[in-house]
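Dear colleague,

I am handing over the structure below, and after it I set out what was found. Please read the notes alongside the coordinates.

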Amino acid sequence: MGKQQQQYDLTILGGGLAGLSLALHCHQEVPNIRIAVLEKNRHPAPEAAFKVGESTVEVATHYFQNVLGLREHLQQEQLPKLGLRFFFAAGDNRAIENRLELGGSEFPPTPSFQLDRGRFENFLAERCKSLGIDFVDGANVKHVDLQGGRKHHHVRYQRADVDHQIESRWVADCSGRAAILKRKLGLEKEITHRANAAWFRVGAEIRIDDWSSDPAWKENYDRDQNPRWLSTNHLMGKGYWVWLIPLSSGCTSVGIVADEDTHSLSDFNSLEKALAWLDKYEPQCAEKIRQHEDQVQDFLAIKRYSRETKQVFSANRWGVTGEAGFFLDPFYSPGSDFIGYGNTFMVDLIKRDFTGRGYRMQARIYDFFYKRMHYGTAHIYQDQYQLFGNQQVMPIKILWDYMIYWSLPGHMFCHNRILALGTFARNFRSFKRLHDLNRFMQKFFRQWHQETQSWEATGEIDSSEMKVIVETNRALMAELDDKAYGKRFAHSAAQMETLAAEIIEHSGIKCKPPFKRRKHDNVIGDSFAMLFEATMRRFEESPATDNATFVS
């Protein structure tokens, strides 16, 4: 066996989405440093690669499209996404047209995409190599020795029976669930989010638009310009949801995600069991998949998929991004968002080091801030799977979650203020108002669910017809100076407080909000009830529907 030694400024452990995008981002900001990316798998990766994280939302799209400059590839090689779409249970779930539907009939103003991960990562790898970044596939990392002081770290890996050793000033762990540094340093944390997942790819397009011949249901959408199948489609039920994500390679990603206390992973932890589980809970979906059962490409089940860590950035010149550190939940597709956050912090630390600015204290600040972003977002998911089958509460929670996402992390990242700590300090009051309000409302949604009995409804909630939803999404693309940015932040806080008050009032639940109700109830422009009434295209009477119009 031979042995080779090399020196780099940055060594990235893992050449998946997090690692490759970090390499590009770092080269962009610090173009003269030497970067190595060590990827365990051989390249090129197969299209429809066996990875979760195919659906992106606004923050991730801004990161890939605007920060990394990958707009042309996204628009030409990946599928545009018609937002998130949700179908709530109806009877035995054999007729999609009878299910209450929440989604947009038009593409949102701020774009997002469905990513064929194999195609995207192959493109990123070639882009890295063209820029002089050393991308090493088939590299099995054997040992990482983190040094202190001014000494360079040591990384040993094996490729084709040859041992290689790297000396590197910085090390970034982007190794996904292998979590090389987290395991080495004992940074694992107990997982409190009790949910499991299984997913697979089918080598065919499963188009939800073809699931019904009902003319009223079909005519709601322009099937040529805005077909439902371009959404990330969620089939919702008690304690679970099923995803359907189209890929540009012509494949479809299918996933089952369920609360552990409601649905045991042992009930769907193999392909045979997963199809049987779908037969029981989502038979129409199961029927469509079984038509292509011979084209199932892969299968994976993960118990308690959420991940946490005690530390992500260190003044000792190492960092962790992607699933190697934190992973929340796939429900709102936040995985690539946190890649964008983590990479942005990591690149700034490296840039500070190589441009002679202080990075040690900044590493502590970014570590704290990144973890606060994670735990702030976690409130949206923690103990909330119990709501998933509630057709009165869950649609409202989903729209609330959209608004808080666009108003808080989306506002900060898409307007490029995530590193502007001075701007953050000046707007801390608005930030804290939104953070505290969201935490309160997530508890309220659980209380509302527990104190009401859900009933089945049918019809459509068209978010494209909600002015406040569309305009809040559109605001992510505005160009704002610091004054306008702060004004928008304050407006969002007032807007969300008004919306919270309307939700609480309309629910009939006795609950005291953590803010004083403002006299100017016209912040949103339409009352909460009117927003939902305006979206109603079809509604059929259901049991106990005296106050059903607000759900619609």
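Two strands are said to pair if DSSP finds at least two bridges between them, and strands (E, at least two residues) and helices (H or I, at least four) are DSSP runs, numbered from the N terminus. This is a predicted model, in which local features need pLDDT of at least 70 and side-chain atom pairs count only at pLDDT 80 or more, while totals for chains, interfaces and linings use all residues. Residues are numbered from 1 along each chain as its sequence is written, and side-chain values use heavy atoms, with hydrogens and water left out.

Strand β5 (residues 100–103) has two partners to look at. Strand β4 (residues 84–87) is joined to β5 by two bridges and runs antiparallel to it, with Phe86 opposite Leu102. Strand β18 (residues 459–462) runs parallel to β5 and is joined to it by four bridges; here Glu101 stands opposite Glu460.

In a regular strand the side chains alternate between the two faces of the sheet.

Turning to the helices, α11 (residues 394–407) packs against α15 (residues 467–474) at an angle of about 25°, with the axes, which are lines fitted to C-alpha atoms over the stretch in contact, 9 Å apart. That makes α11 roughly parallel to α15 (an angle under 35 degrees). In contact (heavy atoms within 4.5 Å), Leu399, Met403, Trp406 and Ser407 of α11 meet Val468, Ile469, Thr472 and Asn473 of α15.

Definitions and conventions: Axes are lines fitted to C-alpha atoms, for helices over the stretch in contact, and angles run from 0 to 180 degrees between N-to-C directions. Angles under 35 degrees count as roughly parallel, over 145 as roughly antiparallel, 65 to 115 as roughly perpendicular and the rest as oblique.
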